[in-house]
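Colleague: Hi! Could you walk me through this one?
Modeller: Happy to, here it is.

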Amino acid sequence: MLVDSFGRTIDYIRISVTQRCNFRCVYCMPNIPMNIGSEEEDVPLEGVLSFIKVAINEGVKKIRITGGEPLLRKGIVDFIAQIYQLNPDIDIALTTNAYLLAPLAKPLKEAGLKRINISLDSLKKETIQCISKRNGLEKILQGIEAAKKEGFLIKLNMVPLKNINDDEVLDILEYGMHLCVGVRFIEFMENAHAKNDTKGLKAREILEKIEKKYTFKLLQQDIFGPATLFEITQAQESYIFGIIAPHNDDFCKTCNRIRLSSEGKLIPCLYHENAIDIKEAMLYGDSQEILKSLKLCIENKPEKNDWNENQTSMRAFYKTGG
């Protein structure tokens, strides 16, 4: 079991398999050329699997595959199948923009994938184009429908941005309600790679938009993630949505996760810049060195992040699966 110096059990690892992405979202990487990097710059998946074996042996129960856009990575379906074969009880999840998801939904389900988080920042074609620089709404919706058909546990993620998509908070919420899938509203995380004038809604502002139409009550922290949950009760039915607010003081109290970047760096906290390079150990399948670095990462995990209204992270979230 991996326990940090603040008594938190670390049993969840987010693994970025590539920094490449087919979107250029304003809150993430708008000024990066579309032809960024190549797959050769990413740690080979067999090396990543060496790390995962050690992590599972140390008590990790959940692994989320991220990017960039993880579905761009060749062999991603077989990779997930190999994780499943290591331990079928591992909760394997994926975060994607869903642009490539529709034809892969069934193979991913058969490989052992259990959960999918899908970025859905708008239901308007022109707004998706504005945010991502990709005319992708139709394929995104097709991907959501395919994932729903295959029976995945789905969450839709929206980053509400001022003067861009902040008028669609209720629309996205009701889309999730209609599909009977969860929605998570994510506060924009200030970072040096975002478009300069990008500003997001804070949790309070998101809730104010929702309460114009719905009444809701606070529930609890999401046991499968960092969201604070709220329940809407209308007539005899209820619906649960969440808000991920890293600016809040209690965001880090229950943090049970670390990250592995596509470059082979272990990251104890998304906001802090410190990281441990384990690429060579993964390339050689050196389980002892991997374990040593994993324990050091846990030891270095800070009590909380430093996010506030006046700070900007220098970290590239597309490399760490932010």
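Colleague: Is Cys269 buried or exposed?
Modeller: Cys269 is buried, with a relative accessible area of 11%. Buried means under 20% relative accessible area and exposed over 50%, with partly exposed in between (1.4 Å probe, protein chains only). One caution: this is a predicted model, where local features need pLDDT of at least 70 and side-chain atom pairs count only at pLDDT 80 or more, while totals for chains, interfaces and linings use all residues. Residues are numbered from 1 along each chain as its sequence is written, and side-chain values use heavy atoms, leaving out hydrogens and water.

Colleague: Thanks! Where is Cys269 found?
Modeller: In the loop between β11 and β12. Strands (E, at least two residues) and helices (H or I, at least four) are DSSP runs, numbered from the N terminus.

Colleague: Which residues does the UniProt "binding site" annotation cover?
Modeller: The unreviewed UniProt entry lists Cys252, Cys255 and Cys269. They are spread over 18 residues of sequence but cluster in space, with a largest C-alpha distance of 9.7 Å. UniProt positions are given in the numbering used here, feature names are shortened, and annotations may be inferred rather than shown by experiment.

Colleague: And where does Cys252 lie?
Modeller: Cys252 sits in the loop between β9 (237-244) and β10, and Cys252 is buried too, at 10% relative accessible area.

Colleague: Switching to α9, which residues are buried there?
Modeller: Ile290, Ser293, Leu294, Cys297 and Ile298. They are on the same side of α9 because they cover an arc of only 140° around the axis, taken from the directions from the helix axis to the C-beta atoms.

Colleague: Which ones are exposed on the other side of α9?
Modeller: Gln288, Lys292 and Glu299.
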